[in-house]
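Thanks for coming. I have one structure to go through today, so please look at the screen.

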Amino acid sequence: MSRSGGFDRLHLDDERTAMYYMLLIYECTDRPQPGDPGFEQALERVNAYADECRRRGVFVAGDPLKKASTATTVRVREGKTMLTDGPFAETHEHLGGYYIFDCRNLDEALELAAMCPMAQTGSIEVRPLDHIPGLTHGVA
């Protein structure tokens with residue numbers, strides 16, 4: 001079994017089999033906002049990173065998330081819907097955004113995670129997307 005889980009997921013051509021990976025970006029709460037000092041430079045770094053991922057042909061999606069304080073958690077127990085303001089987990093590191101990449105293997109996904117500008121101030125969790133036979137949505 002390969003480090004990428006051994007899945008033959010997507011046959012792009014005879015020589016390349018790829019897998020989708022999600023890069024979860026944590027602890028970017030101090031990212032500059034439009035008008036803040038350093039915003040233009042941060043935007044240039046992030047756009048250059050996304051452009052490089054597109055050039056490599058791996059970019060599928062990516063978005064920043066609003067602050068954790070804007071989250072609402074939904075639970076349904078015994079037929080009753082419960083809404084809670086805030087994120088599901090109480091943690092010191094908050095999810096700030098994500099990328100989905102179509103990579104050859106885990107090594108390529110880890111290389112791209114290390115190149116991500118947000119890895120310099122936060123952390124990047126790399127996780128393969130799962131394939132469930134019969135599931136009718138998702139990129140995996």
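Leaving aside its neighbours within four places in sequence, which residues is Tyr49 in contact with? This is a predicted model, so what I say applies to that model. In it, Tyr49 touches Leu23, Tyr99 and Phe101, and also Leu112, Ala113, Met115, Cys116 and Pro117.

Three of those names come back when we turn to the core. The largest nonpolar core has 18 residues, and those with the most contacts inside it are Leu23, Tyr49, Tyr99 and Phe101.

Next, the cysteines. How many disulfides does a search of the whole structure find? The search finds 0. A disulfide is a covalent bond between the sulfur atoms of two cysteines. Cys53 counts as buried because its relative accessibility is 0%. Cys116 counts as buried too, at 1% relative accessibility.

Last, the surface. Val74, Val76 and Leu83 make a nonpolar surface patch of about 300 Å². Val74 belongs to strand E4, residues 72-77. Is Val74 buried or exposed? Its relative accessibility is 53%, and the cut-off for exposed is over 50%, so Val74 counts as exposed.

That is what I have for today.

Methods. Residues numbered from 1 in each chain as written. Predicted model: local features only at pLDDT ≥ 70, side-chain atom pairs only at ≥ 80, totals over all residues. Heavy atoms only, no water. Core = buried A, V, L, I, M, F, W, Y, C linked by side-chain atoms within 4.5 Å. Buried < 20%, exposed > 50% of the residue type's maximum accessible area, 1.4 Å probe, protein only. Contact = heavy atoms within 4.5 Å. Patch = residues over 30% accessible without salt bridge, like charges linked within 9 Å, V, L, I, M, F, W, Y side chains within 5 Å. Areas by Shrake-Rupley, 256 points an atom, 1.4 Å probe, with all protein chains shown as cover. Salt bridge = Lys/Arg side-chain N within 4 Å of Asp/Glu carboxyl O. Helix = DSSP H or I, 4+ residues; strand = E, 2+ residues; numbered from the N terminus. Disulfide = S-S within 2.5 Å.
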